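Please look over the model below before reading on.

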Amino acid sequence: MAEALLRRSPQPEAEESWALFLDFDGTLVDIVERPEAVFVDPALPGILAELETRLGGALAIVSGRPISFLDRRLGGHRFDIAGLHGLEHRIGGQLFLCDPDEHPRLREMVDRLAGVFSSKPGILIEDKGCSVAIHWRLAPIERDFVHATVHAALEALGSDYRVQFGKAVAEILPAAAGKGKVIEKFLVQPPYRGRRPIFIGDDLTDENGFRAVNALGGYSVRIGPGETVARERLGSPAELRHSLALWAEQGSIPFQGIR
Ligand SMILES: O=P(O)(O)OC[C@H]1O[C@H](O[C@H]2O[C@H](CO)[C@@H](O)[C@H](O)[C@H]2O)[C@H](O)[C@@H](O)[C@@H]1O
């Protein structure tokens, strides 16, 4: 199917006008049971580095994960990147981090949540400093309990914080965070400035990014099933990796709707 989506001839001049933004979990890598068990195809960092060159540097990873985690998993190459749903980012080697000390109420809440969920086997708390994700993939029966607890936590925290739901996860994070906003931030800086964005993601958190790139005249691709505002869909991370490899090798942009 990926090959069927390939354009017939390479269009290097078209590549120069695009900026590519890629989500990580469920997009570049398959979803697995535990966050730390995620597997990165060893060929992936090289493919992304090749694409980055083709795109004149206009390629960035946009994820809910911390940048430090993504850097470790993506080998030695320091890609432009946004972590924690845009709360931190790195562009052209310049790093902008979120300081957990600026979120004392959230830090206190993380400790309280750890206490509440300590009696619930299978619930994983992923403390990311400026946000906290509560995973129920290993204990789906606890989904409603997690929802209720997160909503109560948000009431206590007030409007400076919000919840971001994802795949068997609820994440509490500063209200200002959002993938759409950080994509817009990249797009006013070189080498992204003046280019049309492509954003590829798989999840509820990515819908916000899809909306932003659609509004900017860009192109959005959703990986896997689910309601979406994205313009196009690919079946799986494996299919996307294959398409990206062909793009890197042959210079053919692998999306039907791109003109
Ligand atoms: O923005 P993303 O790069 O898609 O990150 C979103 C969240 O992904 C991770 O959780 C998800 O993937 C896990 C590993 O496959 C899976 O076990 C979990 O159920 C999924 O929700 C990550 O752990 C979160 O921090 C990210 O926010």
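The radius of gyration is taken here over C-alpha atoms, and the globule rule sets it at 2.2 Å times the number of residues to the power 0.38. For the 259 residues of this chain a compact globule would have a radius of gyration near 18 Å, and the chain agrees because its value is 18 Å. The C-alpha trace spans about 55 × 35 × 35 Å along its principal axes.

This is a predicted model, in which local features need pLDDT of at least 70 and side-chain atom pairs count only at pLDDT 80 or more, while totals for chains, interfaces and linings use all residues. Residues are numbered from 1 along each chain as its sequence is written.

The chain has 9 helices and 12 strands; these are DSSP runs (H or I of at least four residues for helices, E of at least two for strands), numbered from the N terminus. Domain bounds, which come from an automatic or database domain assignment, divide the chain into domain 1 (2–98 + 177–250) and domain 2 (101–174). The C-alpha centres of the two domains lie 26 Å apart. Their contact takes 15 residues from domain 1 and 16 residues from domain 2, where two residues are in contact if their C-beta atoms, placed from the backbone, lie within 7 Å. On the side of domain 1 that touches domain 2, the residues divide into 8 nonpolar, 4 polar and 3 charged. In this count Ala, Val, Leu, Ile, Met, Phe, Trp, Tyr, Cys and Pro are nonpolar, Asp, Glu, Lys and Arg are charged, and the others, Gly among them, are polar.

The ligand is surrounded by 24 residues, the closest being Phe24, Asp25, Pro35, Ser63 and Gly64; a residue counts as near if its C-beta atom, placed from the backbone, lies within 6 Å. By class, the shell has 8 nonpolar, 6 polar and 10 charged residues. Strand 7 (132–135) and strand 9 (169–174) each supply at least two residues of this shell.

Strand 7 and strand 9 run antiparallel and are joined by 4 bridges; strands pair if DSSP finds at least two bridges between them. Ala133 stands opposite Glu171 in strand 9. An open sheet of 4 strands has the order 6-7-9-8, with antiparallel pairing. Its edge strands, strand 6 (124–127) and strand 8 (161–166), each pair on one side only.
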